[in-house]
Amino acid sequence: MRVLIKGGRVIDPSQEINQTANILIEDGKVKSFPKDIKKLEKESDLQVIDARGNIVSPGFIDLHVHLREPGFEHKETIRTGCEAAAAGGFTSVVCMPNTNPVNDNASVTEYILLKARTEGIVNVFPIGAITKGEKGEILAEIGEMWEAGCVGISDDGWPVMNSNLMRHAMEYVKAYGIPVISHAEDLNLSADGVMNEGFTSTILGLRGIPNASEEVMVSRDITLAELTGAHLHIAHVSTAGAVRLIRDANKRGVNVTAEATPHHFSLTDKVVLNYDTNAKVNPPIRGENDVEAIKEGLKDGTIDVIATDHAPHSEDEKKVEFDLAPFGISGLETALPLSLQLVKDGVLTLPELIKKLTVSPAKIIGIDRGTLKTGAIADVVIFDPDKSVKVDREKFRSKGKNTPFHGWELSGCVLHTIVGGKVVFSG
Amino acid sequence: MVFQQKHILGLKELTAEEINLILDTAESMKEVSQRDVKKVPALRGVTVVNLFFEPSTRTRSSFEIAEKRLSADVLNFTPTQSSVVKGETLLDTARNLEAMGATVIVIRHAMSGAPWLLARELESSIVNAGDGSHEHPSQALLDLFTVREVKKEIQGLKVVIVGDILHSRVARSNIWGFIKLGAEVRLVGPPTMMPQDVEKMDVKVYYNLEEALRGADVVIMLRIQMERQGSGLFPSLREYSRFYGLTRERLKLAKEDVMLMHPGPINRGVELSSEVADDVHSVILDQVTNGISVRMAMLYLVATGGGNA
Amino acid sequence: MPTKVVMDSETVSRTISRISNQILERNKGPSEIVVIGIRTRGIHIAERIVNQIEKLEGIRPPLGTLDITLYRDDFRRKSEWPKVQKTHIPFSVEDKNVILVDDVIYTGRTTRAAIEAIMDYGRPASIQLVAFVDRGHRELPIQADYVGSKIVTLQSETVEVHLQETDGIDEVVVVGK
């Protein structure tokens, strides 16, 4: 089956293309960029997608997603998570190991990949745990997990508190060439906190998580990365101080990359003023200063990618007292419109934004995706950046309806998502 | 003016006008409590549930008496004895009570924001009897009432709140209330117990008790929870009471007609010396009496007010 | 709106005198009576009656004020709920003849509420009602013992008792629609 995407504005940062063009896909790969398609269009066995007036880019890659399977299927499954990803324009997702059982050995990795192959409509790349059970005590079988297909290691959901253990993990993983993804949080400083520490937490009477909790760990991890030479990737950066530390580390040539989530550049902690648990997330939504710093970081390249930290939960779990609600925002299906706001606000150009969702994440986990060069696997997304959308969580494909953006009027709508040459979503 | 609020969740959401309306209504309610037959039929046939997740005999009794004086039907629901132990969520518990006909739910809960959850999801009126470290509106209102009775005007008074401000819902509600009515509020306590950015509430922060007490009209002492000892917030009760405990000598630094208040129960010898607790300046027992009148006013206004009429 | 004056200032004065005398006659003197005025204008009328009795007999019966808002039966039907005002009854009603004073008696519901309120203060020997104006249209079986003036009104009309103390002039007017 061949697919012709005609007349769209193709933006492919990996080849620095930004112009109207046609793309022909054959056998699941990008075949060519035909200029004259009049004869081609009439051929049989050809699916034609009219992309005139829309943007065509490599499919987005989300470096930080919680698919919840195995173990938490009431929150999300690999099937529903992938459907949500496709609806959000993502053709590849990288899933975190805090499942049940934890993905700390090759069998769980293989289980996830098997499920993804049979039920997932987008590509799934698993992250293996750093420590067994994510307990932070002893190393997990990183080599075997890498062999089985893991593209990085992380104890996400938790930090590795023991600095010596983190050091060893960073050294050990050099043999496999994959990054260590750090969830930077000092558990003693964050001590039962449920939101950002600041004026809002004071008037709400909720325990706060100070910026320092993240910054102390970012600083430690950068220092260890310098010591070991490992590739460190900082997950979900949320504070101005963290951005500053990463920027300085970059200047010194440390091999560190970083990601930020849409909720961390679109909201301040005032969103929690009515105790809306849909805005309860870890790291928490911070203050204006921090939001500005993250935008600066995106602009000057300190923050390399945008990743959603898609963390679905069931409605019942969130409809409880604020202290008791689990942390997490279901983010796959609001990522594009929220990120396009950065273009509207002049923080990034559209090609720069797309880079942060395609070629940059691909590079970090070392996969040959995020590009539309000839011969590449045809993972494509076609979207209309100007179409008005009103966020409606009831329409989410994800099982997780936990979003603080419900009802928001934004622009940006995914029209088609193509994985390996096959259309898996049409909006 | 008509009381438009369907709920009383905190003083942050009330205007000065609304606060004054509650206090004025409490005056009439106080008169009811001075009669022989301490009852009026205003809430006859209204079912009020006291949903107390935290043990509290004094606040709950106060609400209960207030409800009975208004002729309401009262149900006391203390979840330790019931289905919450079996794992029922707060919402399900409250929904069940609503299904039984509760019009007003008075809730005390250990977690900040619990009343908000109920207000969002239920039809009933919710009255906050204290949620976590967030607000305790009836306590602040009775404090305001007690001060207003004696001082007539709250405007311009120097009010000092002493103790563990960080964990205190009484402090937060009192700050909102006194500031809205024009008083100057000073907070005193160890630096580890001052919440982040609290100066943004328009208060002055002191770490030295003597300095803060100078010229004070009202002193509100907060309870120090014994469990906080050893938590890293202060080294020992001994040291705490040496620096932040109120003694007769320290009280002399305040104005001669200073009012000494405490939400109770008192830890004699910790935040207050025994002699000062029984001192002529202490209005602690008046606070308890006024608590009933103020709670009657709150319940009356919420049950008959705009949200329910 | 057409306004008709049904009692002028002199008539108001004389009516207060007459009622005061009637009270004294029926109760055989001022000693066992207490006077309670219902907010708001009932209070001023009550005060004038007490003054008049003092003038006539040299004894001033105790005077109290009653706010019946907490006893109303139209609770939860009104969107304009009046503010609760002070009730001040600084004497015992036990075994006394309570002279309850209201400016206008209409449906009778205010009187019922007032009776219930007074019962919560004790057990009076009797409750006697002074209605300065009886405008008819009773909805409950309640009658005034002492009536200033009985007038026929339409339900669409309102009766206003104006007094020096509150309105600067003594008169009773009927306001039509």
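This is a predicted model: local features need pLDDT of at least 70, side-chain atom pairs count only at pLDDT 80 or more; totals for chains, interfaces and linings use all residues.
**Three chains, seen one by one and together**

Of the 177 residues that make up chain C, 38% count as buried. Chain C holds 4 helices and 8 strands, and read from the N terminus its elements follow the order β-α-β-α-β-β-α-β-β-β-α-β. Its C-alpha trace spans about 45 × 40 × 30 Å along the principal axes. A compact globule of 177 residues would have a radius of gyration near 16 Å, and chain C, at 16 Å, agrees with that. Among the contacts in chain C with a separation of 6 or more, 69% come from residues 24 or more positions apart.

Chain A has 427 residues, and 58% of them count as buried. Its fold contains 15 helices and 18 strands. Along the principal axes, the C-alpha trace of chain A covers about 65 × 45 × 45 Å. For a compact globule with 427 residues the radius of gyration would be near 22 Å; the value for chain A is 21 Å, which agrees. In chain A, residues 24 or more positions apart make up 75% of the contacts with a separation of 6 or more.

Then there is chain B, with 11 helices and 9 strands. Of its 309 residues, 51% count as buried. The C-alpha trace of chain B spans about 55 × 45 × 35 Å along its principal axes. Here too the globule rule fits: 309 residues would give a compact globule a radius of gyration near 19 Å, and chain B has 19 Å. Residues 24 or more positions apart account for 75% of the chain B contacts with a separation of 6 or more.

As for how the chains meet, 2 pairs of chains touch, and the pair with the most contacts is A and B. Chains A and C, on the other hand, do not touch, and their nearest C-alpha atoms are 28 Å apart. Where A and B come together, 20 residues of chain B are in contact with 17 residues of chain A. On the chain B side, helix H3 (90-99), H4 and helix H6 (169-180) each supply at least two residues. The largest share of that side, 3 residues, comes from H4(B). Sorted by class, the side of chain B that touches chain A has 8 nonpolar, 7 polar and 5 charged residues.

Strand S3 (residues 104-109) of chain B runs parallel to S4(B) and is joined to S4(B) by 5 bridges. Within S4(B), Val127(B) is the residue that stands opposite Val106(B).

Apart from its neighbours within four places in sequence, Leu299(B) is in contact with Leu43(B), Val48(B), Ala66(B), Glu67(B), Leu70(B), Val104(B) and Val127(B).

One last residue is worth a look. Gly305(B) sits in the segment after H11 of chain B. Gly305(B) counts as buried because 22 other C-beta atoms lie within 10 Å. Along the chain, Gly305(B) and Asn128(B) are 177 residues apart, and their C-alpha atoms are separated by 16 Å.

Definitions and conventions
Residues are numbered from 1 along each chain as its sequence is written. Chains are lettered from A and ligands numbered from 1 in the order in which they are written. Two strands pair if DSSP finds at least two bridges between them. Two residues are in contact if their C-beta atoms, placed from the backbone, lie within 7 Å. Ala, Val, Leu, Ile, Met, Phe, Trp, Tyr, Cys and Pro count as nonpolar, Asp, Glu, Lys and Arg as charged, and the others, Gly among them, as polar. The radius of gyration is taken over C-alpha atoms; the globule rule is 2.2 Å times the number of residues to the power 0.38. A residue is buried if 20 or more other C-beta atoms lie within 10 Å of its own, exposed if 12 or fewer, and partly exposed in between; C-beta atoms are placed from the backbone.
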